[in-house]
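Here's a quick tour of a fold and what sits inside it. Have the structure open and follow along.

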Amino acid sequence: MEAFVRVKGVAVPLAASNIDTDVIMPKQFLKGIDRSGLDRGLFYHLRFDEQGKPRPEFILNRPQWQGAAFLIAGANFGCGSSREHAVWGLMQYGIRAIIAESFAGIFFDNCARNGLLAIELGEPDVRRLQDLAGLPGDNVLTIDLDSQTVCGRTWRSVSRSRQYARTPCSRGLMPLARRLS
């Protein structure tokens, strides 16, 4: 697993709250004896129709969000059953970090155990990041743990006030957001 110190990549806004692990990784993808192929199952019923064809309206199927490294989600991301497969599928798909208002406790712990960075920020910061990630020209972020910043092409931080983000990294509570430049 590659260490997460500074990662730059495409961010995808998933503004819905309460996205549960059954949506992230449907049960039919839990049958394998190994972890292979879980990227195919990620958000399967949102990404694909009944015939298995990609749904062009789903954001992960749109060209400007291909190769996403970050998800900007709503509150209570990863609720529902304790499917570690959901975390494995996100990682196999290429997701390196999820920023959300909150995470279900077991999902958050599964992220920590498996090396997927989960960052909780306040609603105003998450909404701002979702708005920016929704613009194809502004959907590339850099998350830098050393400088404790989230940066985009046209902006440098996520909040006017100092926030503390709960993360599963060894730093515990870390000041992530800096003053707007």
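Which residues of the largest nonpolar core touch the most other members? In this predicted model, they are I24, F43, L71, F77, L90, I98 and F107, out of 36 residues in that core. At least two core residues each come from strand 1 (6–14), strand 2 (68–73), helix 4 (84–93), strand 3 (97–100) and helix 5 (105–114). Helix 4 gives the largest share, with five residues.

**The cores**
- Take L90 as a way in: leaving out residues up to four places away in sequence, L90 touches I24, L42, F43, L71, F77, I95, I98, F107 and L116.
- There's also a second, separate core of 18 residues, with I72, A97, L129 and V150 among them.
- As a rule, nonpolar side chains in soluble globular proteins tend to be buried together.

**Helix 4**
- Helix 4 is largely enclosed by the rest of the structure, because seven of its 10 residues are buried.
- Those buried residues are H85, A86, V87, W88, G89, L90 and Y93.
- Their packing partners are helix 1 (21–24), helix 2 (38–41), helix 3 (44–47), strand 2, strand 3 and helix 5.

- Look for D144 in strand 5 (residues 140–144).
- With a relative accessible area of 13%, D144 falls under the 20% cut-off, so it counts as buried.
- The D144 side chain makes a polar contact of 3.3 Å with the side chain of R6.
- Beyond residues up to four places away in sequence, D144 touches V5, R6 and T149.

Note on methods:
Residues are numbered from 1 along each chain as its sequence is written. This is a predicted model: local features need pLDDT of at least 70, side-chain atom pairs count only at pLDDT 80 or more; totals for chains, interfaces and linings use all residues. Side-chain values use heavy atoms; hydrogens and water are left out. A nonpolar core is a set of buried Ala, Val, Leu, Ile, Met, Phe, Trp, Tyr and Cys residues joined through side-chain atoms within 4.5 Å. Buried means under 20% relative accessible area, exposed over 50%, partly exposed in between (1.4 Å probe, protein chains only). Helices (H or I, at least four residues) and strands (E, at least two) are DSSP runs, numbered from the N terminus. Contact means heavy atoms within 4.5 Å. A polar contact is a pair of N or O atoms within 3.5 Å; within protein, one must be able to donate a hydrogen and the other to accept it, and residues adjacent in sequence count only if both atoms are side-chain atoms.
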